[in-house]
Amino acid sequence: MHPREQTIFALSSGRPPSAIAVVRVSGAQARTALTALAGKIPEPRIATRRLLRGTDSQPIDDAVVLWFPGPASATGEDVAEFHVHGGRAVLAALFAALSAIADLRAAEPGEFTRRAFENGKLDLTEAEGLDDLIHADTEQQRRQALRQLKGLLGDKARDWRSRIIEASALIEAGIDFSDEGDVSAELVAPALAKVKSLLIEIEEVLAAQGRSERLREGLVVAIAGPPNVGKSTLMNQLARREVAIVSPHAGTTRDVIEVQLDLAGYPVTVIDTAGIRETDDPVEQEGVRRARARATEADLVLWMSDPQHDEIPHQGGAPVWRVRNKIDLGAAGPDDSIGEPPAGVLGEMAELRISASRGDGIAELVAGLVAFAEDYFGSDDGALIGRERQRKLLQQTAVSLQRSMAAIGQGEELVAEDLRAAAYALGRLLGRVDVEDILDVIFREFCIGK
């Protein structure tokens, strides 16, 4: 039997031990498995208490079972659920009993969701949204993933694709009546109007997204500067815990230290880098090299200085904020007051004065980082694009529509071909045409049991 025709099972709840564990079974043998372990099939979608027994008739657990006959189930197949006590021994006994049934096997990562996709229960954008929702760490990530899971982008893509097909049908009908000039012109004109309207809508969606797909990975902020200016102290202040070693000796930080933060719902990775200076120590040299590389790759650089180290800030592609530290020492310059939060505008040089050890100015710095994140990701709650794959396919659709409009008058066959290319790109977005090469990549990122 082909693996896709086999019935699969997996733990769909958290890692044991736990109070309750949920084990899902999906496939043609789900009814057999439920009957063998629970004695009989309960009413569909009604939680029922049953004593589960293994193949040797020995009791496994006092459990709650549910039955979801296909196609009215999450995967479109027959699905059974066993809600058992979440002890490792209970689960081991349940898995052994399920494995003993013919054509039942443990599920691969993402296999339940892939079957739901293949059975038309959700499109590829919704599957990606489900994966993003599972892995969401912050409020903004959760909200964006939920929009994807609700199918907002997929619904629009389906509507766009159907309208492209309608326009294409008009164009191809015009080709069939090419000998009758009036008929052909009457068909091309409404098709062109549909394409213009579609292109405006798609370009509006692309223009409104900003960097919304980057929300999955988060903003990267590098703390850079000379040795012993308080970079690790600032890192600990932002993390609100001791994540970096603080020492009065220069060169303590030899490698790149990272910490994940949730700033007002935005995911931010803060990087504490080695002090940038000339050194003969080969280990410190490697740390400086890595520090320069990470600062170059960051989305924002906090260049730290103090009264003893007032070098020119790091220059690279990312925006740079100068952070003057140790104002509590009373020698931060003629204006040692705490600065206003820097504006969250890309490319703008900003400056703050802080005391990382005492905490002065940290609230203002955090407020500036939040403003920067809002500007960077875009604060529009209507953002639809969550992944680079989706953006690229929409861009391909827009390019094909532009080509089709430019081809008007050069031959309806060219217009029809460009419209077919646009519909094809949207089909790939939804996962309905020629996407086998990317399905394995997407679904293997899921956890087992989803």
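Trainee: How many of the ten residues of strand 4 (residues 59–68) are buried?

Mentor: Seven of the ten are buried, so strand 4 is largely enclosed by the rest of the structure. Buried means under 20% relative accessible area, exposed over 50% and partly exposed in between, with a 1.4 Å probe and protein chains only. This is a predicted model, in which local features need pLDDT of at least 70, side-chain atom pairs count only at pLDDT 80 or more, and totals for chains, interfaces and linings use all residues. Residues are numbered from 1 along each chain as its sequence is written, and side-chain values use heavy atoms, with hydrogens and water left out.

Trainee: Which way do strand 3 and strand 4 run, and how many bridges join them?

Mentor: Strand 3 (residues 48–53) and strand 4 run antiparallel and are joined by six bridges; strands pair if DSSP finds at least two bridges between them. T48 stands opposite V65 in strand 4. The two strands form a hairpin with five residues between them, and S57 in the turn has a positive phi of about 70°. Helices (H or I, at least four residues) and strands (E, at least two) are DSSP runs, numbered from the N terminus.

Trainee: And what about strand 4 with strand 5?

Mentor: Strand 5 (residues 79–86) pairs with strand 4 in the antiparallel sense, over five bridges. There, W67 stands opposite A80 of strand 5.

Trainee: What order do the strands of the open sheet have?

Mentor: The open sheet has six strands in the order 3-4-5-2-1-6, with mixed pairing. Strand 3 and strand 6 (104–106) stand at the edges with a single partner strand each, so one side of each lacks a neighbour in the sheet. From one strand to the next, the twist averages 30°. Strand 1 (residues 7–11) and strand 6 run parallel and are joined by three bridges; R105 in strand 6 is the bridge partner of I8.

Trainee: Which strands does helix 3 touch?

Mentor: Helix 3 (residues 111–118) packs on the sheet and touches strand 1, strand 2 and strand 6; its direction makes about 135° with that of strand 1. Contact means heavy atoms within 4.5 Å. Axes are lines fitted to C-alpha atoms, for helices over the stretch in contact, with angles from 0 to 180 degrees between N-to-C directions.

Trainee: Changing topic, is strand 7 buried or exposed?

Mentor: Six of the six residues of strand 7 (residues 219–224) are buried, so this strand is largely enclosed by the rest of the structure. L219, V221 and I223 cover one side, and V220, A222 and A224 the other. Side chains in a regular strand alternate between the two faces of the sheet.

Trainee: Which residue in strand 9 is the bridge partner of I223?

Mentor: D272 is the partner of I223. Strand 7 and strand 9 (residues 266–272) pair in the parallel sense over five bridges. Strand 7 also pairs in the parallel sense with strand 10 (residues 300–305), over four bridges, where W303 is the bridge partner of A224.

Trainee: At what angle do helix 8 and helix 10 pack?

Mentor: Helix 8 (residues 231–239) and helix 10 (residues 362–377) pack at about 70°, with axes 11 Å apart. They are therefore roughly perpendicular to each other (65 to 115 degrees; under 35 is roughly parallel, over 145 roughly antiparallel and the rest oblique). The contact is made by L234, Q237 and L238 of helix 8 with I362, L365, V366 and L369 of helix 10.
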